[in-house]
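Me: I would like to learn how to read the packing of helices and the pairing of strands in a model such as this one. Could we go through it step by step?

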Amino acid sequence: MTRGRGVVESPIYSCAVATAPATIALDRCPTCHGRDGEDFTFGAAALRRCAACATVFSQRYADPEAVYVDGYYTGATDFGLDIRHPRFQTFLAGLNAGRAGRLVERLGPGGAVLDVGCGTGEFLTAMRDGGWRALGVEPIAESATMARERGHEVVTAMLEDSGVPQGEWDLVSAFHVLEHVPDGPAFLAMLARWARPGGHVVVETPNWDSRLRRASGERWIHLRPLEHLVHHTPTSVARAMREAGLEPVAVQTPTWPSSVQTPAEGLADLGRFAWTRLPGPAARLVDRPARAWDERRGHGMVLFALGRVPG
């Protein structure tokens, strides 16, 4: 594993990982628990591709107690990122409106959602605006406080220690959490215990099969060595859901648009770096069809996976 300071930049933010903290070995696949695979280096990350299911995962990861602490969302640690800038807040509002829109369109209004790892509450706001009752669970005290300042009810705890009633929620969500856990099916099965029978679990995680990852190479913004344990594909995230006892309803690969991005930044998010010098009007003209094309082919930036709980 390469040490030192590696910086990865995107049109919206940059993140940096300084000297590594204590690490934990990951010697089995987070999806199927297989132990055999192909080891390879990708930028600063030492990865393994599972021989049984082709999930890509890190061979070591940072001690979670050193990662998920106050400062994670304010740029005060070597992990996470500072989300407080007004431009980034506008980006997050639009992104979460897109998430909520897809869910409300499929599931209807008026349900109850439990957002696990709710961060500073942007998704809670979007679902509340969509007519849902929303509760957050967030282990980082600083982040939970910021979510409460938005008017949300948030429990500061890990889900299993939260005291939130199980089996009562129409939807349990966890956005950009799955890539941080060493056992994906166990995590998804835990989320399912909080959903009602016939309810749903939705997760979002970076897409290893994305055009952006292939075009960016080792500068992929979602690589995040030591912090991101597992890199899913549409196939592997669906398998993880089935292993957890969930019925995959939809595995989509959106690249969420943003009103605050320039046309060039939008094309960069799509991994179309050669197109970023197009004149603004031309870039805007190709942006939406390019996003739709990538999603149809499974090559969008993230995986947006919805599963149904039996019952």
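This is a predicted model: local features need pLDDT of at least 70, side-chain atom pairs count only at pLDDT 80 or more; totals for chains, interfaces and linings use all residues.

Me: What is the angle at which the axes of helix 2 and helix 3 cross?

Reply: In general, two packed helices are described by the angle between their axes and the distance between the axes. Here the axes of helix 2 and helix 3 (residues 122–129) cross at roughly 50° and come within 8 Å, which makes helix 2 oblique to helix 3.

Me: Which residues of helix 2 and helix 3 meet?

Reply: From helix 2 come Gln89, Leu92, Asn96, Ala97, Arg99, Ala100, Leu103 and Val104, and they meet Glu122, Phe123, Ala126 and Met127 of helix 3. Sorted by class, this contact has eight nonpolar, two polar and two charged residues.

Me: In what order do the strands of the open sheet lie?

Reply: The open sheet is formed by four strands in the order 4-5-6-13, with antiparallel pairing; strand 4 (37–42) and strand 13 (230–231) are the edge strands, each pairing on one side only. Strand 4 is joined to strand 5 (residues 45–50) by six bridges, and glycine 37 has cysteine 50 in strand 5 as its bridge partner.

Me: Where is threonine 77 found, and what does its side chain reach?

Reply: Threonine 77 is found in the loop between helix 1 (64–67) and helix 2 (86–107), and its side chain reaches the backbone oxygen of phenylalanine 79 at 2.8 Å. Leaving aside residues up to four places away in sequence, threonine 77 touches Val69, Asp70, Gly71 and Tyr72.

Notes:
Residues are numbered from 1 along each chain as its sequence is written. Side-chain values use heavy atoms; hydrogens and water are left out. Helices (H or I, at least four residues) and strands (E, at least two) are DSSP runs, numbered from the N terminus. A polar contact is a pair of N or O atoms within 3.5 Å; within protein, one must be able to donate a hydrogen and the other to accept it, and residues adjacent in sequence count only if both atoms are side-chain atoms. Contact means heavy atoms within 4.5 Å. Axes are lines fitted to C-alpha atoms, for helices over the stretch in contact, and angles run from 0 to 180 degrees between N-to-C directions. Angles under 35 degrees count as roughly parallel, over 145 as roughly antiparallel, 65 to 115 as roughly perpendicular and the rest as oblique. Ala, Val, Leu, Ile, Met, Phe, Trp, Tyr, Cys and Pro count as nonpolar, Asp, Glu, Lys and Arg as charged, and the others, Gly among them, as polar. Two strands pair if DSSP finds at least two bridges between them.
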